[in-house]
Amino acid sequence: MLQSSQKFLGSNVICKVAAFNLTPLDTYKYPSEVEWEIDQNNAKAYSNLAKIMNNDLSISGVIIQHEYGIFGGVEGEKILSFMKVCKKPMLVTLHTVLPHPHEKMNEVTEKIVKFAGTLVVLTQKSKEIVEQLYPQSVGKVFVIPHGIHGSSFSTPEKYKDKLELNNHIVVSTFGLLSRGKGIHYAINALPTVIKKYPTLLYLILGETHPVVRRNEGEKYRIELLNLITKLGLKKHVKFYDQYLSLSDLIEFLKATDIYIATSTNPNQAVSGTFSYALGTGRAVISTEFAQAKEIITDETGRLVPIKDSPALTAALLDLLSNQKRLKQMHRTAYKITRPMLWSNVAEQYVNRLLRMTIPAMDTKHLRTMTDDFGLFQFASFSIPNTKYGYTLDDNARALILCSWLIRQKHSKQAEALLMIYLSFIKRCQLKDGSFVNYIDHSKSPTGQNNAEDLEDSQSRALWALSEVISNNSLPLNIRNQAKELFLLNLAKAPKPTHIRARAFTIKALAIAQESLPDERKNLLVAIKTHADILMSAVKNNSVKSWHWFENNLSYNNGILPESLLIAGTITNNEDYTHNGILSLEFLIDKTFSSNIYRPIGHSHWYNHNQKRSTHDQQPEDPASMILALACAHKNTHNEKYRNLAIKCFSWFLGNNTLNRPLYDNKTGGCYDGLGQDNVNVNQGAESLISYLMSNYTVKELNT
């Protein structure tokens, strides 16, 4: 995988390897990619390596190819010494996944799951097992298949001629020889087949596994030779007792008519030998282990029970009975394995690792989009489009972000921007305490304010003001300015009636209530009033398969369950919390697939019992979902919600339906959305603040 990554990605990615030696005395001639060598049994060596990587700014992340026998200690527990210290994003590939691990293996795996940012498994079944055994893994397990080497498709005849196997039906098995390979079951299957097909030759390719040779020498190979003699198969079985180079191996596979995968372990997740055989375009008869059950169909081969020689006999006779069908199986196997090419697998690994790496907070584009009056609404590419002026919505979002940044002791630039956005909100407030939303380029309210419903922007402005009021890192005079605007709205402005406006208001009142002791009682009453209406909405619109506040999923959906969770915490009302979680779980089910977050497309809303929309995905939705998931994590301490928030954030970095990033690391901006087959490359205010708020929230979750 390393060589493929380097070859495929060229100079864009530099891969370095840490090799683990059995003892400090071992000396190996490693390739140039091996940067570090450590003793696999020395815990300090692992932690020292982690410290070196932590201090190396050129290292973006770490990929651990995990197998329990590779690392020192019981069940490879020494790798935990590395993972505890390493601060870089860690992706761990679990090559062995057992449905019933013993206690120590389970303990080690549980800690690996905890420390890893992302887990990769090689089959869907492995993903299901990991998520069932380790609930904290939900949301960070991804399936990336075992890789195969690229080779052109050819019929077996060409390579039979080259390897002097002409006039033979070639059946083969390869890999390091061990009893677990189950070769004896394949040999026992041959006599009946050879009676009908006397030209059949079974090739057993590969030397004895070094661990097996160390423990018992060539005992198993000798047993196989004796079995061959006993069955009278000397002319029909041939051993190649040697390590084959990749080029030699590919040639033998290309000369093969049928490959037999004979594993006796039903819990074996994957087989590299099996993958390579399919990848060269060969029909495969395989025992029923996880990977084979997911890939082998009647169009590519046959599945047989483990340790069942008669079943192998029947499968061989079946495939050999129809040469035309067998040749079509070769073509089908080659076609379906193209996504498994190492180049594709390497790209998936690198992209997955990069999507774990949360970019540094960059407010460069925010400053570009802001003048001394406020934050411009739209951009043409990355240049502010001043023609369309400003909105309260965007400036309120920006005020929230700047308040968060100041709370984290960010630069004085954040405070200067905060004052611009706070002043903008003040200019938008009318005498009755309500706000206008649209301000044109000449800094005057537009007629659009009278043509549209502004409840969402009103309540979002309240949220923004509450963040400033409650921020003790801000000077008192600034907090008092926000307080004055906030209280004027509460006293005089019309109360919200729409469901999302109520949800934003719950959030605003909950944040502000501790900083407004004189108003606290009234604010709690208002929170309960709005939350009760949300509860009624859930009750009135929910049926067995639809637990939601409306009969459709539309925009900014995450704020609805989040507001109930907030209300539940503030009022100690378990019904609010329970329905907040239930509605959030419903939203998760509708917007997350196994590997990506898929927000509701804005091309049309997703109505109950109708087809959901996927086009015109906009950044506001993942931002809303991330905030809801962060709230659920805080409320329940369930790691699932943190993992899903990180997965959701990766939508901005390219883990989406188009596999295209929306974050522009050159400008610090964010593209405005995903269409059916393209990205809207304008970098407006809403998308920018949605991204920055998401970036901030996910980093908070990771601390």
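This is a predicted model: local features need pLDDT of at least 70, side-chain atom pairs count only at pLDDT 80 or more; totals for chains, interfaces and linings use all residues.

Reply: The expected span of a helix is 1.5 Å times one less than its number of residues. H2 covers residues 43-54, which makes 12 residues. From first C-alpha to last, H2 reaches 17 Å, close to the 16 Å expected.

Start at the beginning of the helix. There, a side-chain oxygen of Asn42 comes to within 3.0 Å of the backbone nitrogen of Lys44.

Next, burial. Ala45, Tyr46 and Ser47 of H2 are buried.

Four strands make up an open sheet, ordered E3-E4-E5-E6, with parallel pairing. Strand E3 (62-66) is one of the edge strands, and strand E6 (141-143) is the other. Each of these pairs on one side only. On average, neighbouring strands of the sheet are turned by 25° against each other, direction ignored.

Now the E6 side. Strand E5 (residues 118-121) runs parallel to E6, and three bridges join them. Val120 has Phe142 in E6 as its bridge partner.

One further helix deserves a look. H4 spans residues 103-115 and contains Thr109. Thr109 has a relative accessible area of 4%. Buried means under 20%, so Thr109 counts as buried. Beyond its neighbours within four places in sequence, Thr109 is in contact with Tyr68 and Tyr134.

Conventions: Residues are numbered from 1 along each chain as its sequence is written. Side-chain values use heavy atoms; hydrogens and water are left out. Two strands pair if DSSP finds at least two bridges between them. Helices (H or I, at least four residues) and strands (E, at least two) are DSSP runs, numbered from the N terminus. Axes are lines fitted to C-alpha atoms, for helices over the stretch in contact, and angles run from 0 to 180 degrees between N-to-C directions. Buried means under 20% relative accessible area, exposed over 50%, partly exposed in between (1.4 Å probe, protein chains only). A polar contact is a pair of N or O atoms within 3.5 Å; within protein, one must be able to donate a hydrogen and the other to accept it, and residues adjacent in sequence count only if both atoms are side-chain atoms. Contact means heavy atoms within 4.5 Å.
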